[in-house]
Amino acid sequence: MTIRTEPMTVNVGPQHPSTHGVFRVRITFDGEEIVEVEPVFGYLHRGTEKLAEERNYVQIVTLTDRLDYTSSMINNQAYCLAVEKLLGVEPPPRAKYLRTLTAELQRIASHLIAVGFFVQELGALGTPLMYGFRSRERILELFEMLCGARITVSYMRPGGVFADAPREFWPALDRFLSDFPGEFAEMEQLLLENEILMVRTRGVSPLPPEIAVNSSVSGPVLRASGVNWDWRKQEPYDAYDAVEFDVPVGANWDNYDRFWVRMQEVHQSLRIINQCVAQIEPGPVRLDLPLVLRPAAGREAYGRVEASKGELGFYLVSDGGIAPYRCKIRSPSLINLTVIEHLLLGWKLADMIVSLGSVDINMGEVDR
Amino acid sequence: MYGLAMVKGLLVTLKNLTRKPFTIQYPEERAEQHPRFRGEEFVWYEERCTGCASCAKYCPLGIIKIVTSPSETALPQGDKYRLEVFDIELQRCMFCGLCVEACPYDALFMGSGFEQGQYSRQDMVITIDQLRQAEKHPSTWFRPQLEGYAGEPGESRRQPAATEGESRLTYNPRGGPPLGWREVGRESWRWHRREKAGMRLETGPTAPQQTPATGAGGETAGEVPGKDDTIDDMTAGKP
């Protein structure tokens with residue numbers, strides 16, 4: 001005989017401890033199965049786009065730090081690329097390399113968090129996350145050396161970076177580059193072929209490439225769905241055309257692949273950093289631009305980067321004033337969240353948070 | 001076959017059992033603080049400040065309040081305003097350091113502290129008297145002269161990792177004695193950028209193609225020739 005069950009609506013968040021930030025989702029369960037998903041956004045809305053309209057072009061750099069606070073450097077980079085397009089200038093080569101290098105360091109830090117939280121949501125409370133944090137701490141220390149802050153870096157400026165790396169940065173970076181592969185290999189030994197992890201994530205919540213492309217999903221989520229699409233390859237910005245790297249692509253489209261793609265991207269980031277360190281030449285790091293920039297009226301530009309979570313774009317419109325007329329932010333986390341229904345429907349309660357973790361959202365960026 | 005995963009996991013655990021903890025016990029031990037760290041206790045040198053309020057204009061949050069009145073004394077290099085109010089609302093400050101970047105006279109530095117908890121919001125406002133009396137431990141954020149750069153841009157390029165002495169921090173904001181305004185030095189304008197706050201884009205051989213593309217400050221370009229020399233004269237007096 002079958003037990004008759006009634007659908008039950010459960011509210012997760014906005015401050016549920018295992019969600020990523022203040023994310024709220026209303027889920028209707030039939031027994032343990034998810035039948036309806038309704039995400040509710042906006043709990044961290046700070047009006048970044050509106051704030052940007054009344055700040056000048058350099059001041060907005062400080063706002064971009066706070067979008068995706070686990071990858072501030074990449075946010076800086078996206079915004080600065082947009083402003084440079086708007087002005088029609090190009091930063092000096094050394095600045096390009098410094099940007100690429102710091103962006104890749106930040107990508108490693110962000111992926112370590114993503115992987116750590118993904119595993120934590122499977123029930124590995126703390127340990128792999130803390131291994132990730134241990135390595136991330138080294139990266140944040142490098143950032144503190146570079147620009148005096150760990151999270152809210154504000155390192156880049158339109159036309160380059162604010163200052164050259166200090167002397168002690170390069171030996172410290174070398175120490176990090178020699179230590180980190182060992183630390184990361186330990187994480188890989190713990191996680192990558194772990195049966196428990198594979199049983200829980202293999203084949204769970206697959207995202208077919210058609211749906212991924214139709215929903216404008218980007219970043220590791222798209223690549224895990226088998227689509228070879230990386231803006232660093234498609235449209236190289238900064239120094240990415242001078243470095244070699246591979247784009248890992250998933251074959252099974254599932255939660256495990258999303259986790260695996262991130263683990264592989266850390267290796268590729270390390271490759272890029274090593275090449276940057278080998279190729280970087282002395283020279284100026286910032287263009288001679290005035291502190292208060294005034295792009296010509298009517299110009300508009302869209303600057304995009306491959307952020308750690310996907311395509312991050314800034315669309316700027318200038319009216320000739322010191323502040324942009326409009327600043328639209330295309331944040332990868334928000335767009336990636338739109339497939340959450342596809343990922344969750346028909347799956348069990350225990351897989352819900354795991355799938356959410358595999359998308360790797362950041363609420364600072366979703367709500368802006 | 002769950003056993004193998006368990007064994008592999010435990011091997012990592014065993015490795016970490018024998019290691020030194022990565023964390024430090026904060027109030028007793030302290031992490032190494034880097035000289036560029038942007039912290040509280042803004043360092044302000046009244047002798048250099050002209051009251052131009054560039055910092056207040058450039059602050060993204062508008063938390064710096066400056067009230068000035070014209071002074072009667074005429075200094076050799078030019079007049080300056082007398083400052084009456086210089087309030088920094090620290091509770092809203094996000095320590096981006098743009099005020100320091102905007103200061104054309106190297107009068108404002110970021111501090112290097114991070115332990116200034118207060119019980120009320122009013123106490124979080126740094127007043128001009130506090131700024132005058134505070135111990136000056138400036139950060140090297142945007143002040144490369146404190147980092148001891150050799151001079152030309154790109155001079156601080158990649159160092160070989162073998163030299164042990166180079167990896168040591170050259171300037172420790174918390175360690176040394178407080179620095180007076182004569183000690184902190186002036187940023188040489190040849191190091192970084194020729195113009196700072198209030199100055200417009202200069203059309204020179206260094207930046208040939210920018211002015212037509214940007215349309216930025218084209219109308220006042222070329223207004224400031226020879227400004228560099230004046231500033232270097234001002235720095236000549238430093239020890």
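Begin by selecting Tyr155(A), Phe259(A), Phe42(B) and Phe86(B): among the 121 residues of the largest nonpolar core, these touch the most other members. A nonpolar core is here a set of buried Ala, Val, Leu, Ile, Met, Phe, Trp, Tyr and Cys residues joined through side-chain atoms within 4.5 Å, and buried denotes under 20% relative accessible area, with exposed over 50% and partly exposed in between (1.4 Å probe, protein chains only). The model is predicted: local features need pLDDT of at least 70, side-chain atom pairs count only at pLDDT 80 or more, and totals for chains, interfaces and linings use all residues. Residues are numbered from 1 along each chain as its sequence is written, chains are lettered from A and ligands numbered from 1 in the order in which they are written, and side-chain values use heavy atoms, with hydrogens and water left out.

**Around Phe259(A)**

Centre the view on Phe259(A). Neighbours within four places in sequence aside, Phe259(A) is in contact (heavy atoms within 4.5 Å) with Val115(A), Phe118(A), Val119(A), Leu191(A), Leu192(A) and Leu197(A). A separate core of 26 residues can be displayed next, including Val22(A), Val25(A), Val217(A) and Leu222(A).

**Aromatic pairs**

Rings of Phe, Tyr and Trp (its six-membered ring) pair if their centres lie within 6.5 Å; planes under 30 degrees apart count as stacked, over 60 as edge-to-face and the rest as tilted. Over all chains, this rule gives 17 aromatic pairs. Select Tyr155(A) and Phe162(A): the ring centres are 5.8 Å apart and the planes stand at 85°, so the pair is edge-to-face. Tyr155(A) and Phe162(A) are both buried.

Move to chain B for Phe42(B) and Phe95(B), a stacked pair with 6.5 Å centre to centre and 15° between the planes. Phe42(B) belongs to strand 1 (residues 39-44), whereas Phe95(B) lies in the loop between strand 3 (78-89) and helix 3 (98-102), 53 residues apart; helices (H or I, at least four residues) and strands (E, at least two) are DSSP runs numbered from the N terminus. Both Phe42(B) and Phe95(B) are buried.

Return to chain A and select Phe118(A), Tyr256(A) and Phe259(A), which form one aromatic cluster.

**Charges over rings**

A charge sits over a ring if NZ of Lys or CZ of Arg is within 6 Å of the ring centre and within 35 degrees of the ring normal. Lys233(A) places its charged end over the ring of Phe245(A), 4.4 Å from the centre. Arg136(A) lies over the face of Phe133(A), 5.2 Å from the ring centre.

**Helix 5 of chain A**

Select residues 127-147, helix 5 of chain A. Of its 21 residues, 16 are buried, so the helix is largely enclosed by the rest of the structure. Gly148(A), with a positive phi near 80°, follows helix 5.

**Asn362(A) and Val359(A)**

Asn362(A) occupies the loop between helix 14 (349-359) and helix 15 (363-367) of chain A. Its relative accessibility is 4%, so Asn362(A) counts as buried. Display the polar contact (a pair of N or O atoms within 3.5 Å; within protein, one must be able to donate a hydrogen and the other to accept it, and residues adjacent in sequence count only if both atoms are side-chain atoms) between the side chains of Asn362(A) and Thr70(A), at 3.5 Å.

Val359(A) is in helix 14 of chain A. Leaving out neighbours within four places in sequence, Val359(A) contacts Val221(A), Arg262(A), Asn336(A) and Leu343(A).

Note on methods
The expected span of a helix is 1.5 Å times one less than its number of residues.
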